[in-house]
Amino acid sequence: MAKFYLTTAIDYVNGAPHIGHAYEKILTDIISRHFKKRIDDVFFLSGTDEHGIKIQKTSAAQGITPKELCDQNSAKFQECWKALDVNYDKFIRTTDDYHKSAVQKIFKKLVDKGDIYKNSYKGLYCQGCECFLNEKDLTEDGLCPNHMKKPEEVCEENYFFKLTKYKDAIIKHIKDNPDFIVPSFRANEVLNQLEDIQDISVSRSVSNVTWGVPVLDDAEQVIYVWIDALSNYITALGYDTEENSEEFNKYWPADVHVIGKDILKFHSIYWLALLMALDLPLPKHLLAHGWITIDEAKMSKSLGNVIAPQDILKNFELQNADALRYYMASAAPCGKDGNYSDDDFKEKVNAHLANSMGNLLNRTLSMLVKYFDGEIKAEFKTDAGILNSAKNTIDIVKNHFDNFEIAEAANAIIQLVDTTNKYVTDNAPWTLAKEEKMTECGQVLTTVLDIMCVIASLIEPFCPNIARDMAKQLSFDLDIKYDNLTVDNIKIGKLISKDDIHPIFLRVDSELADKSQKKK
């Protein structure tokens with residue numbers, strides 16, 4: 001592949017980021033970092049969604065303008081992603097002037113084409129979903145199933161998009177491309193939703209909503225949030241209805257949109273129809289991830305269990321986000337729901353990052369210093385058998401990422417760590433040294449260190465700081481692409497001194513309060 005373009009959903013800035021937002025951004029950043037180790041041209045887009053009735057009402061309640069609220073909260077999201085080492089290539093805000101201008105042109109093009117028309121409408125509107133719902137979508141009590149609130153009855157004249165015109169084409173695309181929706185079992189949900197799809201409202205009357213992108217040539221209407229929000233994936237690249245930018249021509253279509261399962265409908269139906277109407281290529285994949293529960297309970301302000309990602313870093317005194325990144329990425333199989341709990345977090349990162357991976361590197365380097373003064377000798381030949389396992393793991397991890405199975409990829413890496421630990425135990429280099437079989441001892445240590453280079457490279461997308469520390473102690477070039485990653489990475493000569501060996505990850509033994517008690 002010549003390029004790889006991936007996006008997150010743009011977060012609604014009515015509040016601050018929580019661990020659910022972080023899950024998606026971490027997943028996407030890991031995918032981005034992985035593919036940067038395979039190809040040269042990767043473009044990662046994230047951003048914030050900043051229009052709509054909720055922003056309008058919240059800002060009014062706080063006595064500030066909608067733009068002031070957007071500026072405050074968009075900054076919070078960007079600060080959070082920086083703390084989590086989420087390195088996007090561009091961050092779009094739907095209040096950016098270039099985006100608003102492009103959205104207006106898109107809307108006008110569809111009006112001129114006849115795909116958007118004006119009509120009076122009476123329906124049930126959920127402010128939480130920012131969309132109109134059918135009665136069949138509601139619970140038995142008449143509530144929105146996502147927000148458990150009763151939608152309000154709205155009657156107004158709006159513009160409508162001819163979604164029904166593209167129904168058959170969307171169905172055909174989903175059926176003809178079984179890998180389009182990931183995981184594939186969600187495709188049936190979308191096909192069921194398509195059965196009785198209707199044209200959708202794509203504007204709101206300014207009598208009800210003023211905070212939005214104005215419709216050109218109609219001062220009484222603002223463009224409804226979904227056309228505004230979904231278009232960010234192309235406006236960020238410089239899409240224009242008249243002449244596209246070089247960047248757009250280079251990166252579109254997207255290789256994957258990473259989104260939550262709750263907005264799959266909008267991406268798999270509304271977004272595809274809009275792209276078809278604009279005569280644009282369709283994205284290659286939609287990765288619909290699951291939700292993150294807290295101690296097996298759904299996050300809820302009323303339950304008081306909404307967790308800010310930075311609070312986890314602070315509470316556990318983590319110097320960087322690697323442990324949280326690893327934990328979140330491995331929290332759930334592809335597309336399934338995951339769970340966060342403090343106890344599980346401590347147990348998992350201690351077991352995998354400190355005890356298994358960290359201790360393996362630390363003790364192997366320590367033995368190299370103890371027995372050989374930190375030197376790799378020419379006669380230390382590596383074990384081809386276990387090195388082949390390491391080489392196979394590279395292919396396994398690449399295959400998992402090709403299918404967006406991020407947790408499964410993490411498990412494959414840790415399985416290689418466990419296999420290597422068993423190799424050390426089975427071959428007992430300390431016993432070989434005691435028996436003065438120094439060449440055999442050196443061969444075992446060199447083999448393990450060679451595999452640790454592979455592990456450092458594979459774990460880097462998950463744990464960039466830990467990987468850099470590993471690579472430094474191994475004198476290994478972490479920038480090597482996976483296609484050039486060999487099983488002959490350790491160079492002959494002096495590798496490390498005793499003073500340069502240190503743990504790559506310190507155990508998370510207790511929460512901050514407990515640590516304070518221990519210090520007394």
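Residues are numbered from 1 along each chain as its sequence is written. Because the model is predicted, local features need pLDDT of at least 70 and side-chain atom pairs count only at pLDDT 80 or more, while totals for chains, interfaces and linings use all residues; side-chain values use heavy atoms, with hydrogens and water left out.

**Nonpolar cores**

A nonpolar core is a set of buried Ala, Val, Leu, Ile, Met, Phe, Trp, Tyr and Cys residues joined through side-chain atoms within 4.5 Å. Buried means under 20% relative accessible area, exposed over 50%, and partly exposed in between (1.4 Å probe, protein chains only). The largest core has 111 residues, and those touching the most other members are Ile31, Leu84, Tyr340, Phe345, Met357, Phe462 and Met470. Helix 17 (residues 438–459) gives the largest share of this core, 13 residues. Helices (H or I, at least four residues) and strands (E, at least two) are DSSP runs, numbered from the N terminus.

Contact means heavy atoms within 4.5 Å. Leaving out residues up to four places away in sequence, tyrosine 340 touches Ile19, Ile292, Thr293, Ile294, Asp295, Ile307, Ile312, Phe316, Tyr327 and Phe345.

Serine 32 is placed in helix 1, and its relative accessibility of 1% makes it buried. Beyond its neighbours within four places in sequence, serine 32 is in contact with Leu6, Val42 and Phe44.

Leucine 230 belongs to helix 7 (residues 225–230) and counts as buried at 2% relative accessibility. Not counting residues up to four places away in sequence, leucine 230 touches Phe266, His267, Tyr270, Trp271 and Leu274. From leucine 230 to valine 206 there are 24 residues in sequence and 21 Å in space, C-alpha to C-alpha.

**Cavities and a pocket**

These spaces are found on a 1 Å grid over the protein atoms alone: a cavity is a set of points where a 1.4 Å probe fits but cannot get out, and a pocket is an open set with protein on both sides within 12 Å along at least five of seven lines; lining residues have an atom within 4 Å of a point. Grid points are joined across faces, edges and corners, and a volume is the space filled by probe spheres set on the points. The structure holds two cavities of 30 Å³ or more.

In the table, Ala, Val, Leu, Ile, Met, Phe, Trp, Tyr, Cys and Pro count as nonpolar, Asp, Glu, Lys and Arg as charged, and the others, Gly among them, as polar.

| Space | Volume | Lining residues by class |
|---|---|---|
| Largest cavity | about 70 Å³ | 10 nonpolar, three polar, one charged |
| Second largest cavity | about 60 Å³ | eight nonpolar, three polar, two charged |
| Second largest pocket | about 330 Å³ | eight nonpolar, four polar, four charged |

Of the 14 residues that line the largest cavity, Tyr23, Leu27, Cys334, Gly335 and Phe404 lie nearest its centre. Helix 1 (19–36), strand 14 (286–289) and helix 15 (406–427) each give two or more residues to this lining. The second largest cavity is lined by 13 residues, with Gly52, Arg204, Val209, Tyr224 and Val225 closest to its centre.

The second largest pocket has 16 lining residues, and the closest to its centre are Gln319, Asn320, Ile504, Phe505 and Leu506. Helix 18 (residues 464–474) supplies the largest share of this lining, three residues.

**Cysteines**

A disulfide is a covalent bond between the sulfur atoms of two cysteines. Here a disulfide is counted when a pair of cysteine sulfur atoms lies within 2.5 Å, and the count comes to zero.

**Backbone points**

Most residues other than glycine have a negative phi, and most peptide bonds are trans. Valine 182 and proline 183 are joined by a cis peptide bond, with omega about -5°. Proline 183 sits in the loop between strand 8 (181–182) and helix 6 (187–194). Another cis peptide bond joins tryptophan 252 and proline 253, with omega about 10°.

Phenylalanine 404 has a positive phi, near 60°. Phenylalanine 404 lies in the loop between helix 14 (384–402) and helix 15, and is buried with a relative accessible area of 3%.
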